[in-house]
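Have a look at the picture first, then read on.

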Number of protein chains: 2
Amino acid sequence: MKVKTDKGTKEYRTVWFDRESNAVRMINQPLLPHRFEIIDLKNYRETASAISNMVVRGAGAIGATGAYGLAQGCLAFRGNLKDFWKHVEKVYQTLKNTRPTAVDLVNGMDFVIREVKKGNSLEECQELAIKTSQKFADEDAEHCKMIGEHGEKLIKNGFRVLTHCNAGWLAFVDWGSATAPMYRAKRKDKEIFVFVDETRPRLQGARLTAWELSQEGIKHAIIADNAAGYYMKRGEVDMVIVGSDRTVAETGDVANKIGTYEKAVLAKENNIPFYVAIPMSTLDWNLGSGEEIPIEERDGEEVLFAWGSDGKGERVKVRVANASSLARNPAFDVTPAKYITGIITPRGIFKPEELVKLKD
Amino acid sequence: MKVKTDKGTKEYRTVWFDRESNAVRMINQPLLPHRFEIIDLKNYRETASAISNMVVRGAGAIGATGAYGLAQGCLAFRGNLKDFWKHVEKVYQTLKNTRPTAVDLVNGMDFVIREVKKGNSLEECQELAIKTSQKFADEDAEHCKMIGEHGEKLIKNGFRVLTHCNAGWLAFVDWGSATAPMYRAKRKDKEIFVFVDETRPRLQGARLTAWELSQEGIKHAIIADNAAGYYMKRGEVDMVIVGSDRTVAETGDVANKIGTYEKAVLAKENNIPFYVAIPMSTLDWNLGSGEEIPIEERDGEEVLFAWGSDGKGERVKVRVANASSLARNPAFDVTPAKYITGIITPRGIFKPEELVKLKD
């Protein structure tokens, strides 16, 4: 997607691979929106650190980084084929241990290894690693683009769309999930306006989604999470599009960033269509309902403090809450299917109860 | 209410008058929750500055400060009775101009002036000013206490109450409106737990309500505004109590801090009783419905930045949002009566449609 730099506007992906220097390159996301910097990861250990330090976040982007990191490890190897496989195992484990619960990280690496195994020489294996990791990243971008193609049809000229958190291109390789329909609409010259929920406690809306929309030149306003209902009730929101971390295929119940459930209930109360945009990898075929999704409770510090720029380019942390109080901090909530108008996937738009049809 | 200081726990009001030094004294609220300090306002001009600089905020507390400030101006006067009234007019206008739309400020001063007019000498007038301003403040505290007496009956032992923003004693002279039932319940040895919405953008929940509850030793947790629905859906919230800036007597529609409407819709969706606690002065007898209440849109900076303590006791401001994005910042929303279970007033608990009965 487009990024405005000192030297004009340029197309970037969230993460990519530079074969010449055998480096994984990515946007340094913790610096956003206050500074745009590309970080060069010179070996798979540096790539692993970038994942564990959350320089990259979002299922799709982490998956591609895992695939690239594995290829990077393969390419750096010098020696015989037997030692190569020992080395690959070490690279795999190092990368895997960075985010033990990130399903897409393992998916990305397994996708690469399956192909690498077909190689008959070190050179062939290395070549396959490079090609396959690139294919994995390209497919992520392509799937998001397809979400955009389908979802764009829902957005009429002049629509005011509300989104929550960041299911944008920074969370994937390109395009994003919830944002893809907006970006497609913009490129088809539709006039749109986006209400960006700030999304406390980590403020991904105000920081990342707002930055993305600015770069693409899409009109938007950041609003307090508390104000979403206000604009819905006034009839100023035409539709809501959010992403999802896990969607139960059986029922269409959706787990997503905390606050999504609130916006879904408010949308239904005000007769506003509520859509969830997801890549296929987000579908969970094992659970019976959303009630079974485990909800991560994160450190209360995220609620008690805020992080931002001090105006001199430094990232600072300030305590916003009373010091003798504790916080509770559920990171996700589950929105039951009854509040969801449709699920936008790379394979089309489905009602929540139709997702089961997608089983191959 | 109780405040823990270096020298143990002491009872404080938000604002009071010290006759000996002719000073208005108040809790310096912008320093909370990071520092507890009493500020001494030595003359009515200093008192006026404290109102305009929001050292004191909240309808009840501002009303009492206006009354005290007027008395303070009266008491400082030396001269004849004719010049006295010129002086009073100047004091009145100075105080009034601090917050042109604060109805309670004018109410408090008018309450005092009506009595002062009965005086036949400067000394009598001054004595009446002191006594009447004290009466006004005492009545504010008494009304809040009555809200507590009535509302406490709704809170069963073990209840988990959710509140939004700060309708606590810091916004009044004592007790608060939404918090009064909780404080009464605590003093009757009921075990309660309070979910404190952080209340972006100004975070009055995390800063002020959490501080109050800590001081009174009431168990609580600060939660992101986004998480209120999550706890409601899980059945962990037994009731909601909020305050109100303006309540339409005709319909029972309630204007309150932005986000109140969201919590009300979520409470109804989850069959949780939703109560609004108000002093009588909040009732608006002129409007036909909540739709007619004008909504103040405040500076977007409140959304784009956060204020907090840097850990060294300094209050700092950090930009949390993308620099090239703007924000919209409605300060209030209107909750239609259909979402409200009951209105807790000093004269009892009423259904929204019963408020009209209160007309004298």
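Start with a pair of helices: α1(B) and α3(B) cross in a right-handed way. Keep in mind that this is a predicted model. In chain B, α1 covers residues 44-52 and α3 covers residues 81-96, and their axes come within 9 Å, crossing at roughly 20°. Angles under 35 degrees count as roughly parallel, so α1(B) and α3(B) are roughly parallel to each other. On the α1(B) side, the contact is made by B:Y44, B:R45, B:T47, B:A48 and B:I51, while α3(B) brings in B:H87, B:K90, B:V91, B:T94 and B:L95. Sorted by class, that gives five nonpolar, three polar and two charged residues.

Now for another pair in chain B. Helix α4 (residues 103-116) packs with helix α5 (residues 122-152) at an angle of about 140°, and the axes are 8 Å apart. That angle makes α4(B) oblique to α5(B). This crossing is right-handed too. Among the residues that meet here are B:F111 and B:V112 from α4(B), and B:L128 and B:F136 from α5(B). The class count for this contact is seven nonpolar, four polar and three charged residues.

Here are the two pairs side by side:

| Helix pair | Axis distance | Angle | Handedness |
|---|---|---|---|
| α1(B) and α3(B) | within 9 Å | roughly 20° | right-handed |
| α4(B) and α5(B) | 8 Å | about 140° | right-handed |

Next up, the sheet. Which strands does it hold, and in what order? It's an open sheet of three strands in chain B, ordered β3-β4-β5, with antiparallel pairing. Strands β3 (15-18) and β5 (38-41) of chain B stand at the edges with a single partner strand each, so one side of each has no neighbour in the sheet. From one strand to the next, the twist averages 25°. In general, strands of a sheet pair through backbone hydrogen bonds, either parallel or antiparallel. Strand β4 (residues 23-27) of chain B is joined to β5(B) by four bridges. One residue pair to look for: B:R25 has B:D40 in β5(B) as its bridge partner. Lying across β3, β4 and β5 of chain B is helix α2 (residues 59-76), which runs at about 15° to β3(B).

Finally, zoom out to both chains. How many residues does each chain put into the contact? Chain A gives 64 residues and chain B gives 64 residues. About 4,800 Å² is buried between chain A and chain B, with carbon and sulfur atoms giving 55% of that. In chain A, the residues losing the most area to chain B are A:N226, A:E262 and A:R328, together 15% of what that side buries.

Definitions and conventions:
Residues numbered from 1 in each chain as written. Chains lettered and ligands numbered in written order. Predicted model: local features only at pLDDT ≥ 70, side-chain atom pairs only at ≥ 80, totals over all residues. Heavy atoms only, no water. Pairing = 2+ DSSP bridges. Helix = DSSP H or I, 4+ residues; strand = E, 2+ residues; numbered from the N terminus. Axes fitted to C-alpha atoms, helices over the stretch in contact; angles between N-to-C directions. Contact = heavy atoms within 4.5 Å. Parallel < 35°, antiparallel > 145°, perpendicular 65-115°, else oblique. Left-handed = near helix turned anticlockwise from the far one by under 90°. Nonpolar A, V, L, I, M, F, W, Y, C, P; charged D, E, K, R; others polar. Buried area = accessible area lost by both parts, 1.4 Å probe.
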